Amino acid sequence: MTAIQILLLIAAYFFVLMLISYFTGKNDSNTDFFKAGRQSPWYLVAFGMVGASLSGVTFISVPGWIDGSKFTYLQVVLGYFVGYFVVAYLLLPLYYRHNLTSIYEYLANRFGPTAHKTGAFFFFVSRVLGAAFRLFLVAIVLQQFVFDAFNVPFELTVILSIVLIWVYTNKGGIKTIVWTDTLQTTFMILAVVLSIVFINQEIGWSFSEFLDSEELKNYDTVFQFDDFLARNHFLKSFFGGMFITICMTGLDQDMMQKNLTCKTLKDAQKNMVSFSIVLVVVTFLFMLLGALLFIYAKQKNIAIPLMDGEPKTDLLFPEIALNSGLGLTLSITFMLGLIAAAYSSADSALTSLTTSFCIDFLKIDKQPEAKQKQIRKRTHIYMSAVLVVVIILFKYVLNSNVIDSLLTVAGYTYGPLLGLFAFGMFTKHQIKDQYVWLVCIMSVVLITGLANIDASYLNGYNLGYELLPLNGLLTFLGLYLIRKKA
């Protein structure tokens, strides 16, 4: 597929998104932008959330991770599944009971203004980094396979990507995203299914023959029970995955904002449960695709693509889809899936950042009504600029696999949110609100120090995704220390 063909495909795709934006953003109101009038059908939200949760990270990075991790990532995914039920039946009732627009308003009701702003700040950092990770992946693919041919610098590629998102989310906000996410999820799932079909046909296998093949057995390691000290031991991966879901979905304004557009709590819970089942199945398909990509690459002597002189397994899927001669249909399918996966998470991230900043920091509901829309629109532009800067920085500082980096960073940034919400929900203590920010910062500092201790000093114990619940526990204990005496 040529660079010109890819550009035409992207243009056609965004034309469709603009049409959706036109019809869903006619009111251009803050109510629609923040809550979609609480009229979203639960099944539409559930299906669209699949694409937003998986994103470009899953679409490219999970297949690229298989050669090193085998299928052990499935341990984390099973933890995700349990975590979604915790979100559905513990956190969603809390949010609906308080009738929240930003979920961090709960912290203001429970503890005070400092806790509110501290929680919103950690979400802001978490979501900026998470969205930047996801868009960085898409930007490097577009750069390598499209814009390098036109000598367009990486920085301009990033700016163009963010501008396109801003254009179609500027008016409708979350109301637009509920519908665009549905379209984007459809393209993403179609892309992974057709990729598996086409590559199997090229090898000469049926799907069942692929599942029974000796080559796949080289990748079929799933559960790790032998060495508890290892980073990917089952218990560490499972419970780490569970807490990642509770935090990155249940305590994240981006994901919860979609749920809060449902008409009732019951609808939101149906959305979450059905979404969790589909997500596990689709993630497993991505892992199968990853194994198939490496099998095909070995058979056809396709080298791992280089980025800045270093092998980058995240680029294997685009290399095979676009440059290995498997046909235009696979190339189109891949590009549609990639664009859909990337923008289904990035657009909602930009909208949720705008929502949180307007509600939690600017107190937009306290501003004169005539100024509220102007504040929202200006904030939307500022959030776009922040994402551009962070994505460009990643090009110079990010070395490891993107999904591993994303989950590792979550341990630092979502831990304080976990501790704050847990203390609010499971204790009746009031706290000295003015010290909350200090407790959260100290927790992150301690976890950072712990994460950097060499395993030899811990009798060979390798810290992994359990850093997240440990961070939450440290925050919880810190809040207990600053509790007010009855």
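This is a predicted model: local features need pLDDT of at least 70, side-chain atom pairs count only at pLDDT 80 or more; totals for chains, interfaces and linings use all residues.

Visitor: Which residues of α1 are buried?

Guide: Buried means under 20% relative accessible area. In α1 that list is Ala3, Ile6, Leu9, Ile10, Tyr13, Phe14, Leu17, Ile20, Ser21 and Thr24. They take up an arc of only 125 degrees around the axis, so they sit on the same side of α1.

Visitor: And which exposed residues are on the face of α1 turned away from the buried side?

Guide: That face carries Leu8, Phe15, Tyr22 and Phe23, which are exposed.

Visitor: On to charges. How many salt bridges does the structure hold?

Guide: The general idea is that side chains of opposite charge can pair when their charged atoms come close. Here there are three salt bridges. Take Asp252 and Arg127, whose closest N and O atoms are 2.8 Å apart. This pair links distant parts of the chain, 125 residues apart: Asp252 is in the loop between α11 and α12, while Arg127 belongs to helix α6. Both Asp252 and Arg127 are buried.

Visitor: What about Lys217 and Glu214: what separates them in helix α10?

Guide: About one helical turn, because they are three residues apart in α10. With a relative accessible area of 54%, Glu214 is exposed, whereas Lys217 is partly exposed at 43%.

Visitor: Which residue forms a salt bridge with Asp267?

Guide: Lys270, with the closest N and O atoms 3.5 Å apart. Both lie in helix α13, three residues apart, again about one turn of the helix. Asp267 has a relative accessible area of 16%, so it counts as buried, while Lys270, at 35%, is partly exposed.

Visitor: Last one: which residues form the nonpolar patch on the surface?

Guide: Look for Tyr435, Trp437, Leu438, Ile441, Met442 and Val445, which together have about 570 Å² of accessible area. Trp437 is in helix α19, residues 436–451. Its relative accessibility is 46%, so Trp437 counts as partly exposed.

Terms used: Residues are numbered from 1 along each chain as its sequence is written. Side-chain values use heavy atoms; hydrogens and water are left out. Patches are made of residues with over 30% relative accessible area and no salt bridge: like charges are joined within 9 Å, nonpolar side chains (Val, Leu, Ile, Met, Phe, Trp, Tyr) within 5 Å. Accessible areas come from the Shrake-Rupley method with a 1.4 Å probe; for residues, only the protein chains shown count as cover. A salt bridge is a side-chain nitrogen of Lys or Arg within 4 Å of a carboxyl oxygen of Asp or Glu. Helices (H or I, at least four residues) and strands (E, at least two) are DSSP runs, numbered from the N terminus. Buried means under 20% relative accessible area, exposed over 50%, partly exposed in between (1.4 Å probe, protein chains only). The arc is that of the directions from the helix axis to the C-beta atoms.
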